[in-house]
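Please read this briefing alongside the sequence and the model, which are shown just below.

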Amino acid sequence: MALITKVIAPEEDGSTVRHILRSKLHFSSHAVSRLAHGGECLFVNGTPVHTPHVLRAGDTLTVETEDRRPPKTTITPGDWPLPVVWEDAHLLIVNKPSGMTAHASNFLPHTPTVAGALAWSRGADFIFHPVNRLDKGTTGLMAVAKSGYVHDLLRRRLHTDDFRREYRAVCLGTPPQSQGTVDAPIGRAGDSLVARCVRQDGAPAVSHYKVLARGEGLSFLALWPETGRTHQLRVHMAHLGCPLAGDWLYGTEDPALISRPALHSYAVSMVHPVTGKTVEVSAPLPEDLLRLLHQRFSQGADA
């Protein structure tokens with residue numbers, strides 16, 4: 001059971017539970033409403049209370065953040081491997097394999113999903129709150145909140161110093177500089193429902209890169225997205241004239257090289273939204289990327 005606990009400070013004496021939830025614990029108005037009608041999930045000194053309850057200095061307010069309502073959509077559980085690399089009562093971080101999407105979709109109805117894998121291991125009533133989504137072909141770290149409350153806090157921190165992500169990738173050719181920044185807005189490519197492109201009327205998008213090694217017509221990169229647009233890193237590398245190896249949508253499909261876009265969510269660093277502690281996790285490169293590096297980078301590449 002995920003609990004949030006706060007001791008009421010002297011200057012907070014006389015505040016209502018609702019006020020503390022909104023102004024101090026940063027629950028959204030929707031979440032406060034859900035707590036107000038969710039049964040016994042608010043306690044002061046161990047006694048159930050409602051949101052209008054007046055608090056006194058020294059009181060201990062405890063909030064159960066676990067979602068009690070059933071999921072809005074039915075998730076089909078699937079016995080698909082999905083390593084959990086970090087977990088506590090409030091969130092977990094998984095190492096997503098290639099070929100798995102976050103959610104089921106009409107385009108890919110039979111594809112393994114992170115939601116389905118967690119429903120299999122955690123129970124069908126597990127409510128899936130993905131914080132950062134990864135494309136089907138992208139491997140690596142993906143954060144999942146265990147409640148709407150923690151999900152909301154983490155989403156607000158995405159692309160700030162409190163939630164940083166680092167990727168590893170292999171691209172065709174070599175970027176114009178050994179390290180640099182791509183600041184280029186991204187929008188839909190024509191009428192496509194999937195493809196994106198750099199366009200002046202697109203949404204702001206910023207990515208940073210560093211060349212870690214050069215191989216036979218390829219470069220091994222570290223990438224840091226400053227914003228979170230659809231396919232952002234893939235689009236920005238293609239914009240530089242260096243599409244990711246294996247990227248069928250923005251470059252050239254080449255199964256002999258690698259059967260997917262060569263992109264891996266390598267590291268996550270976040271300030272935990274409840275404990276305030278720093279969480280740092282990394283995931284080793286998957287076998288297909290390691291094989292590509294060993295084959296095409298004669299002096300090797302340090303992951």
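Buried means under 20% relative accessible area, exposed means over 50%, and partly exposed lies in between, with a 1.4 Å probe and protein chains only. This is a predicted model, in which local features need pLDDT of at least 70 and side-chain atom pairs count only at pLDDT 80 or more, whereas totals for chains, interfaces and linings use all residues. Residues are numbered from 1 along each chain as its sequence is written, and side-chain values use heavy atoms, with hydrogens and water left out.

**Two loop residues**
- Leu193 sits in the loop between strand 11 (186-188) and strand 12 (196-198), and it counts as exposed because its relative accessibility is 62%.
- Ile127 lies in the loop between helix 3 (114-122) and strand 7 (129-130), and it counts as buried because its relative accessibility is 17%.
- Ile127 and Leu92 are 35 residues apart in sequence, and their C-alpha atoms are 13 Å apart in space.

**The protein as a whole**
- The secondary structure comes to six helices and 16 strands, where helices (H or I, at least four residues) and strands (E, at least two) are DSSP runs numbered from the N terminus.
- Of the 303 residues in the protein, 47% are buried, and the C-alpha atoms fill a box of roughly 70 × 40 × 40 Å along the principal axes.
- Among contacts (heavy atoms within 4.5 Å) between residues at least 6 apart in sequence, 64% join residues at least 24 apart.
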